[in-house]
Amino acid sequence: MDSSTSVALEPLLSFLAFSFSQLESGFYRIPGSAVVARYVKSSHQNDPGRTILELILVIFAIRTLLQSRTRTDRSGKHFIKFSEKEIDELVDEWVPEPLVQPLSEWEQKDLSSVPVIAGPNGPKPKLLATGKIVTNLASFNFAGLAGNEKVKERALETLQKYGLGSCGPPGFYGTIDVHLDLERDIAEFLGTEASILYSQGFSTISSVIPAFCKRGDIIVADRSVNFAIQKGILISRSTVRWFDHNDLKSLEDTLISVEKERKKRKGPLTRRFIITEGIFERDGEMVDLPKLVELKLKYKYRLIMDESISFGTMGRTGRGLTELYNVPASQIDMLVGSVANGLCSAGGFCAGSSIVVDHQRINGTSFVFSASMPALLATSGSEAITFLRNNPSVLLNLQDNIRAIRAVLEKTEGITLLGHRASPIIHFCLRTQQQSLSVTQPTYDYEAEERILQDIVDDSITNGVLLTRAKHLRGQEMVESRPTIRIAATAALTRKEVEKAAGVVKASVTRILSKRR
């Protein structure tokens, strides 16, 4: 019986052996098949159970790919049938939910109070609503480059040659010679090996940080950094330690504690970064750069510094804090600045070594995915650098105007001036017992102070001086700031004009606060 069964099965077994032999030879003709076979053999030898699991997963994947992507009832027998009248009634009754919450009465008033400028911006713009000429202490026109005739002339020449938009990211077909010229001009101006241009100022620092800082890296950052830096830190997913605002003693304590933590848990050395601003946008404070560099070298950290306010305003020729403190720019690993603020153009830049810059050309998300800035704005930036080089007296005028504004406002009762005395942005808040700008538990009525400050802004505009409150995304920023009014000094006005404007602001403060008493 066994013999006859074997004879009967022999053709079947021979066919199966031949089929498997053909399949095997066909499989090994596929490129890379030897690697797969070697992996399966070694995997099965080390862990047979894993082979069964992987086989099940392969079968499941094939089944998923082959089955229908939709499970709809094609027959429609389970559908609810509506008449045309019922459909029309349902459509009429349907009310879509709003995409955003409706504005409150205060928000509507705040939005409607924003002044609109007719014509070009500058030190003396015209308001559209009233046709009145006002003194502009709201715009970032520090060196008075807005409306500069030479810059406008060069921009028009570039517009006629290249057209308006770049129509592509820098890595594809968005880069032309004027972009490379501006990158070279910035690097030479600051004294770094190279620089890279970004087309939006906000996304510059928020792209630079995650380009270098990754999960597992250590970031030690100032608690009061601007919102763009906060977003960059969030995107990086790094481990973050915060130090007290512009307190380098707190910074050193934090650096020491980070190292103690690492040694305690016997963790590996990781990349470590200090992130701060040169002049803080939030309150106008200025960092002690020599001490900061000393700590960076002592504890072996890389330094990312945002000079969006100090570039184009500080130092003899506007090179920023490196020129002011006579610190080589090479001591700052990633020096980030704003072409929009300092040079009255658009976008931002990151300057540093060639390695730092080239790394961002592939890993800087805003550089890779955003269209290049228009060619005429790149030319405007280069022309602005030439202007700063050839006219250092402009920044002396700027500092003279800053001192004049502060001298008037320091005598004003009911407000407190914030920030460094040389900062081109001057914040002031209402005077209370709590004078700290950034506090964990506010002891003031945020909305009430905002209303008072807005009344001061409106009164100043009525009397010929354009001001603005410092705007924050309340509830989204890490630290809630005291409401402030922000004054932006400019070299485009004479000392007499800024003293007169500051006098108007002082009178508005006195008038509004006296009504509140």
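**Group meeting: salt bridges, pockets and a surface patch**

Let's start in helix α6 (residues 149-162), where Arg 154 and Glu 157 sit three residues apart, about one turn of the helix. Helices here are DSSP runs of H or I with at least four residues, strands are runs of E with at least two, and both are numbered from the N terminus. This is a predicted model, so local features need pLDDT of at least 70 and side-chain atom pairs pLDDT 80 or more, while totals for chains, interfaces and linings use all residues. Residues are numbered from 1 along each chain as its sequence is written, and side-chain values use heavy atoms, without hydrogens or water.

Back to our pair. Arg 154 and Glu 157 form a salt bridge, with the closest N and O atoms 3.3 Å apart. That term means a side-chain nitrogen of Lys or Arg within 4 Å of a carboxyl oxygen of Asp or Glu. By this rule there are 29 salt bridges.

Next, Arg 282 and Glu 477. Their salt bridge is 2.7 Å, N to O. Arg 282 lies in the loop between β7 (272-277) and α12 (289-299), and Glu 477 in the loop between β14 and β15 (485-488), so the pair ties together parts 195 residues apart in sequence. Are these two buried or exposed? Both are buried. Buried is under 20% relative accessible area, exposed is over 50%, and partly exposed is in between (1.4 Å probe, protein chains only).

Third pair. Arg 495 bridges to Asp 400, again a salt bridge, at 2.7 Å between the closest N and O atoms. Arg 495 is in helix α20 (residues 495-516) and Asp 400 in helix α18 (residues 393-409), so this pair ties together parts 95 residues apart in sequence. Shared partners join Asp 400, Arg 403, Arg 495 and Glu 499 into one network.

Now the surface. Leu 9, Leu 12, Leu 13, Phe 15, Leu 16, Phe 20 and Leu 23 make a nonpolar patch. Patch residues have over 30% relative accessible area and no salt bridge; like charges are joined within 9 Å, and nonpolar side chains (Val, Leu, Ile, Met, Phe, Trp, Tyr) within 5 Å. Phe 20 belongs to helix α1 (residues 2-28). Phe 20 counts as exposed because its relative accessibility is 56%.

Last, the pockets. On a 1 Å grid over the protein atoms alone, a pocket is an open set of points where a 1.4 Å probe fits, with protein on both sides within 12 Å along at least five of seven lines; lining residues have an atom within 4 Å of a point. Of the 30 residues lining the largest pocket, the closest to its centre are Phe 140, Phe 202, Glu 281, Asn 341 and Arg 486. For the second largest pocket, α5 gives the most to the lining, with four residues.

Technical notes:
Accessible areas come from the Shrake-Rupley method with a 1.4 Å probe; for residues, only the protein chains shown count as cover.
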